[in-house]
Amino acid sequence: MNKIKWCLEQKKGIELVEPNDNLCEAYFKDANDSLSGIENVKGMWRTVMAYYSCYFSFYALLMKVGIKCEIHDCTLALMGLFGFDEKEITFVKKLKKERINVQYYHQKSEEVVVEKINSFVLLCKSKANVLKQDEIDKIRGEVKND
């Protein structure tokens with residue numbers, strides 16, 4: 001949780017805002033757009049779109065509970081608060097690293113497995129659909145008290 005505390009102190013880091021179902025849906029649309037585009041692109045753009053599909057789908061959850069963050073590492077540090085397991089967290093962090101490597105250092109990345117990306121997007125949607133107000137309050141409280 002030290003990472004979350006650090007992120008709360010950063011400009012453009014973690015900030016509590018009003019929960020917003022409209023932005024939640026907009027980010028899920030962005031995730032779906034990126035996901036559907038993966039099949040139509042080659043090279044580094046497959047990795048970039050794969051990462052942003054996952055990132056946008058998780059960010060949709062943040063919007064649903066009212067958490068804003070513009071620092072990707074800080075955004076991903078919040079995944080545990082939503083019940084993601086270590087395997088899922090590692091998957092998205094690895095995608096982020098691959099995106100940076102292909103986009104900025106022209107390194108070759110692993111093949112994008114669209115089914116894994118799709119599964120993660122669906123998992124985020126599932127979590128959003130079952131989030132109750134008491135769970136939202138608990139997540140916001142954990143962020144505020146860190």
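Helices (H or I, at least four residues) and strands (E, at least two) are taken here as DSSP runs and are numbered from the N terminus. The model is predicted, so local features need pLDDT of at least 70 and side-chain atom pairs count only at pLDDT 80 or more, while totals for chains, interfaces and linings use all residues. Residues are numbered from 1 along each chain as its sequence is written, and side-chain values use heavy atoms, with hydrogens and water left out.

Salt bridges come first. The term stands for a side-chain nitrogen of Lys or Arg within 4 Å of a carboxyl oxygen of Asp or Glu. By this rule there are nine salt bridges. Accessibility is given alongside: buried is under 20% relative accessible area, exposed is over 50%, and partly exposed is in between, with a 1.4 Å probe and protein chains only.

One of the salt bridges joins Lys94 and Glu98, with an N to O distance of 4.0 Å. These two residues are four apart in helix 5 (residues 86–104), and therefore about one helical turn separates them. Lys94 is partly exposed at 39% relative accessibility, whereas Glu98, at 14%, is buried.

Glu142 is partly exposed, with a relative accessible area of 29%, and Lys138 is exposed, at 56%.

Lys12 and Glu70 also meet through their side chains in a salt bridge, at 3.7 Å from N to O. Lys12 belongs to the loop between helix 1 (2–8) and strand 1 (15–16), and Glu70 to the loop between strand 2 (67–68) and helix 4 (72–77), so the pair ties together parts that lie 58 residues apart in sequence. Glu70 has a relative accessible area of 43% and is partly exposed. Salt bridges with shared partners join Lys12, Lys68 and Glu70 into one network.

The next topic is helix packing. Helix 2 (residues 21–37) packs with helix 6 (residues 114–130) at an angle of about 170 degrees, and their axes are 11 Å apart. The axes are lines fitted to C-alpha atoms, for helices over the stretch in contact, and the angles run from 0 to 180 degrees between N-to-C directions. Angles under 35 degrees count as roughly parallel, over 145 as roughly antiparallel, 65 to 115 as roughly perpendicular and the rest as oblique. Helix 2 and helix 6 are therefore roughly antiparallel. On the side of helix 2 the contact (heavy atoms within 4.5 Å) is made by Phe28, Ala31, Asn32 and Leu35, and on the side of helix 6 by Val114, Ile117, Asn118, Val121, Cys124, Lys125 and Ala128.

Two single residues complete the tour. Thr75 lies in helix 4 and is buried, with a relative accessible area of 0%. Not counting residues up to four places away in sequence, Thr75 touches Tyr55, Phe58, Tyr59, Leu62 and Cys69.

Arg140 is in helix 7. Leaving aside neighbours within four places in sequence, Arg140 is in contact with Leu16, Val17, Pro19, Val65 and Gly66. Between Arg140 and Asn101 there are 39 residues in sequence and 33 Å in space, C-alpha to C-alpha.
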